[in-house]
Amino acid sequence: MMAVRRPPLAFLPWISVPLLLFIHHSHSFYLPGVAPEDFQKANLVDSVGDALMVKVNKLTSIKTQLPYTYYSLPYCKPKEIVDSAENLGEVLRGDRIENSPYVFKMREPQMCNVVCRKVLNEKTAKEFKEKIDDEYRVNMILDNLPLVVPIRRLDQESSIVYQHGFHVGLKGQYAGTKEEKYFIHNHLTFTVKFHKDQQTDAARIVGFEVRPFSVRHEYEGEWSEATRLTTCDPHAKRSVTTSDSPQEVEDKKEIIFTYDVEFQESDVKWAYRWDTYLLTADDQIHWFSIVNSLMIVLFLSGMVAMIMLRTLYRDISKYNQLETQEEAQEETGWKLVHGDVFRPPTNSDLLCVYVGTGVQFFGMILVTMIFAVLGFLSPSNRGGFMTALLLLWVFMGLFAGYSSARLYKMFKGTEWKKIALRTAFIFPAIAFSIFFFLNALIWGQKSSGAVPFGTMFALVVLWFGISVPLVFVGAYVGFRKPPLEDPVKTNKIPRQIPEQAWYMNPIFSILIGGILPFGAVFIELFFILTSIWLQQFYYIFGFLFIVFAILIVTCAEITIVLCYFQLCSEDYLWWWRSYLTSGSSALYLFLYAAFYFFTKLEITKPVSGVLYFGYMLIASYAFFVLTGTMGFYACFWFTRLIYSSVKID
């Protein structure tokens, strides 16, 4: 289990007592589905040890990003294929967990076990070759631990990195020929690491590794179930350690699948078994990211402090000391637009919708982060992170409706049902349309990553059956609340905005405003993209929570600074600009995603490229809504604060 990093929350004193009680009792229970399981060794009475059931998962490739089921290739099958129950997140990730013919006993080493014999035809040989070309890996699971291949790093001989899953096969030249041939990994040497309880002699599995080999097995006589292999003989205690004659993949080639099982006792306790898979040398990079982001925050905080404590204090004191109307008319700056600064913007309904949707995203991410930092969404809870995101998005619809309706009523709106309907449908409909199109592409490739009809129906039920009603409930409650009163009155006739300097041009100002929020998160973004598209575990939620907090502060401060400069130049159209200023960071996110695609990924297939940019478009759109809302509320608070502090005749 991962160490708990305590989040630096401002409301921590309010929850400290229940949190301490939770931590005090946390050692006495485990999360559902990840409780430890004890396995007994064979005893002298019945000589039967506990069975270890290896499960197979999807075939994955970082070159295509299209997963396939294990049995989409003509591998050995058990008598009956049984699908494991999967949560919503697992299905959306393309996981397809099934039983396998690899079954062995706890702490009973085995050698040269024959799984089955296959004779390839032209079709099956082509299927294997295609997967080898695309560098597909086979994923397996034992006691909820993923199968890994230990690889010694060339730069550090004592350091070992773990590759998730083993490659279906390899391609290369053989026996001095110039022609490239395909070879399959048909012999697996499993290593099961266990931690033994000294009192009960029971053992818990703490590691599951494999070394794959390509071996052209040989035998004497006709093939039968009792046939003994000459290339791998358990009676002679001779297994496969190296292969001078690999197994080629061609039409009419015979392939015999075999495996060994080794058991190693380990000092690693069950609670820390994931640490081996999750250890990384990138902590220094994350700390550099945090320090880099903090420098940005300190710089912006200094500017905000200068504005609030010096400039504004001086302005407010000077404005409040004016005695005559003539003196007031001689002044310039942000006070002169007090009669227009709270005038409702154009397309105010749409602004209300996007602000409400941003609140929904903010609540979803904040609660998910807290659960992740506390360890509830660790990698051992497969699919839990995505499931939590979806469910929290649905239930946060209550706050989305409330926020949009409150802002809508402040703009003197009367049709709250219309604003609730648009809040419930605009963002989800756009995201779902893109997702449906991408899912159709995946379905056309016959990939297991395609969301089944039943799951798609469940998503629609969550949307229409829970999210939409909650948005309406929130909007009803928010609209019944008394509207927020503006600190100053709005003139009936709009004031003319003077000609602006080139650097106050809306487009230039908005694009400049998005750079710093993106700069605060782009290093962490690299690790997030790597975990998603290069199939690595992302588990450093403590760092991510800090970066999220820095993002909030950065969005708020850069929007306040630029909003103040805008008001000082007598431009009172701040509503949409405050939203777009920090929201423009999503543009840089998408551009960085494109840069990452061309520099880090090896995707060559058009369908995979469309999938990448389609999903990153949804992510960038969501990031725009989130950051835009944070910037808007910061500027909203700032303008109400400064205009409530001055005397208006």
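Colleague: R107: buried or exposed?
Modeller: This is a predicted model. R107 lies in the loop between strand 2 (98-105) and strand 3 (110-119). Its phi is positive, about 60°, although R107 is not a glycine. The cut-off for burial is under 20% relative accessible area. At 13% relative accessibility, R107 therefore counts as buried.

Colleague: K252 has a positive phi although it is not a glycine; what is the value?
Modeller: K252 is found in the loop between strand 12 and strand 13. At 66% relative accessibility, K252 counts as exposed. Its positive phi is about 70°.

Colleague: E225: buried or exposed?
Modeller: E225 lies in the loop between strand 12 (203-213) and strand 13 (254-265). Exposed means over 50% relative accessible area. With 87% relative accessibility, E225 counts as exposed.

Colleague: What separates the C-alpha atoms of E225 and V114?
Modeller: Along the chain, E225 and V114 are 111 residues apart.

Colleague: Among contacts between residues at least 6 apart in sequence, what share joins residues at least 24 apart?
Modeller: The chain has 17 helices and 13 strands. Of its 649 residues, 50% count as buried. Among contacts between residues at least 6 apart in sequence, the share joining residues at least 24 apart is 80%.

Colleague: How far apart in space are H195 and I205, C-alpha to C-alpha?
Modeller: H195 lies in strand 11 (residues 187-196). In sequence, H195 and I205 are 10 residues apart. C-alpha to C-alpha, the distance is 6.4 Å.

Colleague: Which residues does H195 touch, not counting those up to four places away in sequence?
Modeller: H195 is partly exposed, with a relative accessible area of 23%. Not counting residues up to four places away in sequence, H195 touches A202, A203, R204, V206, S266, D267, V268 and K269.

Colleague: Why is the pair of F411 and W575 edge-to-face?
Modeller: The structure holds 59 aromatic pairs. In the pair of F411 and W575, the ring centres are 5.0 Å apart. Plane angles over 60 degrees count as edge-to-face. The planes of F411 and W575 are therefore edge-to-face at 80°.

Colleague: How many residues apart in sequence are the parts that F411 and W575 tie together?
Modeller: F411 is buried at 9% relative accessible area, and W575 is buried at 2%. F411 lies in the loop between helix 9 (397-410) and helix 10 (416-444). W575 lies in helix 15 (residues 575-583), so the pair ties together parts whose separation in sequence is 164 residues.

Colleague: At what angle do the axes of helix 7 and helix 15 cross?
Modeller: Two packed helices are described by the angle and the distance between their axes. The axes of helix 7 (residues 348-373) and helix 15 come within 11 Å. Helix 7 passes helix 15 in a left-handed crossing. The axes cross at roughly 35°.

Colleague: How do the residues of the contact of helix 7 with helix 15 divide?
Modeller: Helix 7 brings L350, L351, Y354 and V355 to the contact. Helix 15 brings W575, W576 and Y579. The residues of this contact divide into no polar, no charged and 7 nonpolar.

Colleague: Which residues do ring pairs link into a cluster with Y354?
Modeller: Y354 of helix 7 is one of the residues in the contact with helix 15. W576 and Y579 of helix 15 are also among the contact residues. Ring pairs link Y354 into a cluster with F361, W393, F427, W576, Y579, Y621 and F624.

Definitions and conventions
Residues numbered from 1 in each chain as written. Predicted model: local features only at pLDDT ≥ 70, side-chain atom pairs only at ≥ 80, totals over all residues. Heavy atoms only, no water. Phe/Tyr/Trp six-rings, centres within 6.5 Å; stacked < 30°, edge-to-face > 60°. Helix = DSSP H or I, 4+ residues; strand = E, 2+ residues; numbered from the N terminus. Buried < 20%, exposed > 50% of the residue type's maximum accessible area, 1.4 Å probe, protein only. Axes fitted to C-alpha atoms, helices over the stretch in contact; angles between N-to-C directions. Left-handed = near helix turned anticlockwise from the far one by under 90°. Contact = heavy atoms within 4.5 Å. Nonpolar A, V, L, I, M, F, W, Y, C, P; charged D, E, K, R; others polar.
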